[in-house]
Amino acid sequence: MKGKFLIRITAAVLALMFVLIMFISVFTRADSVTDNDRMCVFDTICTSNQMGTWILNQQNASSVFIRSTDIKPTDYPYSDAVVMNSAVGATGNASITKLYNSPSNNGFKLTVNMDIRSLAPISASGERQGIGVDISLENGAELEFTLNSFSGDNGLNAVISLYYGTENCARVPVVLPFDDAMHEWSFVYTSLNKAAVLTDGVIAAEFDDIRLDEDVKNEAYVRISNIISEKTENVNYAYINRILMYDNPVITDFSLSPFASKENFAGTVTTSYKLNDDYSLILTLSDRDGNDISIKQNIPLSDTEHDFSFDAGGITSDCKIKLSLEKDGIILSQTVAYAYLYRDIKAVECTDKLTADEECAFICNDLENIDFPDNSVWVRSYYASKKRSETGTVLNCAPQEDITESFEYPAVLNGKFAVYIGYISGSSAVCVNGTSVKMNSTYDDTENTVHEVFALCQDFSGQTLTISNIPGNLIKIAYIKFVSISDEDYSIYQSDADKNLIIDNDGFTDFCLYDINTSDDLAHIAVDSYADCFDFAAINISPFLTTELNYNSAVLNKYIGAKLDALGVSAENRPSHLYEIVAGNGLPVDYEQYMSDSYKKARSSMLALSKEGSVPSIVALSADKRGIDAYASLRMAAFYNPETQYFLNGSMFYLYPEWHQKESDLMSYYYDGYRNYITELLQELSLMDGIDGVTLDFSRYPYVIGSEQNLPEGKTAVMNEFMRNLRAVLGESAVINLKIAVPADSYATQYGIDYQGWIRSGYINNLIVIDFEKESFYDYMPYLTLCEQNGVGFYLGITNVLGDIPDSEYLSELEYLGLYDRNTNRISPELCMQRAREAYSAGAKGVYIYNGLTPEGDGSYSKYYGRLNSLKDTEVFFRLEYPSEFVKYPVTILEKSATELFGTHEFVQPKEENDSGILPVVLIVVLSISLILFIALCISNKSTSRDRIDDALCKNAANNTVSNDTNTQDINEHKAEDDYSQISGGKTIERLIDSDGIEADSQTVHKNDTEVENDTENNNNNE
């Protein structure tokens, strides 16, 4: 009996362990699935009996949403579905709606299993009809797909329509399956502003450049509708039995290893979610002009961070990296980075002699042999890469109040090198050979991460590299990289570049934002705040608006005074200052009720400042001290609603109604008196102290002549006379800049602004072309060519607010690179440089930044704006500085060196604790216990016959003396059998355990049990 008991106990234990393994496996797998499929917003089965959280919307009684219970079983092939069926002649829209919390606006994938039997066609009036799939995102944006029948040519049987934005619609004729079978329909929208419809994983229709209107709805939902917009015999008839909503994964980060080269191109791509084999990450390399190179790699997928490494030999050094996340042939996310790949990167000791070798780089991350004095402010720690086997030394310097201490890099350097500093997050600034190098202190890593920054470019022949701390800055240097520089690149770096950047100040916004009550306040905000951060050539300072100025103008006062004289307004009833507005009758107007607090603040500041001098002159003199030119930039036709915007129009606007355009609130250049005012005002501005010229700003409001002259050629004649007279008044030596908006045929020439004629006639010195208020990456080459042909300087106008651009993939690239902020719709200085680099290469004289610059988090301005001054600056940035932005990798900080800790330079990262480690540990424990029990069972089965007889005798004696105990044992054995039977589902151990070997052992165990019982019976008989 002991053998049977051990078998049963072992089986019970094994069964329990099996159940435990399965439970843990399922639990772990469920957790893993949840982690892998976090993009799944909801997963629901639409059944006839349980709609779950789906809401039934029956908007019209004659339009029917039929549940399966309303359909005869013979007409209902699916047991788990909802039927959408519209009655013949019905109108209206019945639907089901699912509210959900969309985790992001990265885009979505909605899959619906449908058997479509019939679709209504597009209505004659073009209204929506058919089966509609309507999705609203968390930002309120909404788009709707509709499926309609279609009797077209070429065998097409349906139309897929997409409604988006404000009454936008795109339609694609397609072939859809009508085969009385269930198909998987996928409705996809991506972060690249693209949409698609797939049937069974095959693209049926694609839609590009989808622009959604935000805040259309207040909640996120999915609605599937049965839409009938007019009485017709056509019906929608479909079965629906499963709906799933996914949030698309996107590429969130890309980093290159500092050791990346052509021979070992290595880095990491991070995605928002874990990916499976259904997705592909494609990496493509191209040269700086965008020409694809024959290097295309599919990056292996692993967790959310996907490491790659391959040989990229044969490519040009300056390259563009494009990453695409694809599924089912649709690009869900696309990003671009830039890198300069060297032929080779050699790891060196800090004492190794380095000689410049073109296209070769040297990296030293072992800084152990650098000497420091006793009690130095520099201390050492160590690090190891979490991704790879690299280890290194960290040179640390805590923020010192007033101590500066230098150390020399001990190696002999021969040749021209660009020097890069690898630093760990948290570092702020360091001094390299007398050059202050700002590290990106905005990195807020939850863990330690190594980043890289370009320090300087120098001919080190006979010179050394000296590094020192800057008091008050934390420094953690992880490595020093030396990149060999060609003579050509070095000459570009060393050349003196002209300053050709003009920035804009509208002469009003600063007064609304800041406390400006003195000339020093104004100089600091308008000039010093920029000049302290970067170099630039000139500033455009506006005197505010056209007939309301930010200074006490003699010309404006003359025109106001003349009119008040004509009206007979006495001196005591006249306005005491420029911002006390009078109406057409010369009497003061109470307009404060229409002013915002910021407007009141600006008025108060400008009034206080007018006592010290004119705003344009204060700014110009401050710029002079910095070697910066200043241009007075007049808005040539800026007028606002006369009923509410008294402050913005000023008294002159109301005193001269005879100069207004017919049927318009604007003033007209058609009238000699108004043209004379503008000419005199520009002359006054040009003669102010510090002013170097004037800018005629026709870009914002070019509506200079109204219906008083309807013919374009008549308007052109008037404006040509104005410009001819202006040049004569200001003189040939005066600098006149003309600023116009694109497209010029819409924003200039139709109003008489004949910029081409003015360029050819020599009326202007420089042309500034800009897109009105928002950047669209317009084609500037026709303007540049015209200027070059006539000896006029061309300035490319760049706006830091992004407008609609046709290439949605480019928009995604910008966002990934940090060049574009979707929330603020602003572009970064790096993107400005990319645009400027193209323009300078084409021959532009300079760059003009419209409507202010984008400040950083601390209120300062990026040094990168200073790279907009010339082609040299942009080339240096993209060739030497920008690639470092993509170098980053996580590290572990060590107290001792890798050699001391591990006895080797090769660092093996310890396994991090995570939930996925539970299952292997449990398996090991379970298998160990099972093995021990199996060995014990084997030992038991191999007992001698005498042992078995003795055991039987002991059992017999025990039965005769303690029968109660025996009965108890029998009861327990039966209970154990019942328990085991319950655990195994009533199956025998042979069926429960599938292994042939264990099955055979089980049979042997049964056989041995029989032999033991027979031996025991024979011995009893013998006794």
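**Exercise 1.** Work out whether Cys 360 and Cys 457 are buried or exposed, then find how many disulfides there are.

*Solution.* Start with the cut-offs: buried means under 20% relative accessible area, exposed means over 50%, and partly exposed lies in between (1.4 Å probe, protein chains only). Cys 360 has 1% relative accessibility, so it counts as buried. Next, Cys 457 comes out at 5%, so that residue is buried too. Now for the sulfur atoms: a disulfide is a pair of cysteine sulfur atoms within 2.5 Å. Going by that rule, the count is 0.

A quick word on what you're looking at: this is a predicted model, where local features need pLDDT of at least 70 and side-chain atom pairs count only at pLDDT 80 or more, while totals for chains, interfaces and linings use all residues. Residues are numbered from 1 along each chain as its sequence is written, and side-chain values use heavy atoms, with hydrogens and water left out.

**Exercise 2.** In the open sheet of 4 strands, find the strand order and say which strands stand at the edges.

*Solution.* The order is S27-S33-S30-S31, with antiparallel pairing. S27 (406–408) and S31 (435–438) each have a single partner strand, so one side of each lacks a neighbour in the sheet. Inside, S30 (residues 429–432) and S33 (residues 466–469) pair over 3 bridges, and Val 430 has Asn 469 as its partner in S33.

**Exercise 3.** Trace the closed barrel and find what helix H9 touches.

*Solution.* The barrel has 8 strands, S35-S36-S37-S38-S39-S40-S41-S44, paired in parallel. Between S37 (residues 629–635) and S38 (residues 693–697) there are 5 bridges, with Ala 632 opposite Val 694. Helix H9 (residues 672–686) packs on the sheet and touches S37 and S38; contact means heavy atoms within 4.5 Å.

Key: Pairing = 2+ DSSP bridges. Helix = DSSP H or I, 4+ residues; strand = E, 2+ residues; numbered from the N terminus. Axes fitted to C-alpha atoms, helices over the stretch in contact; angles between N-to-C directions.
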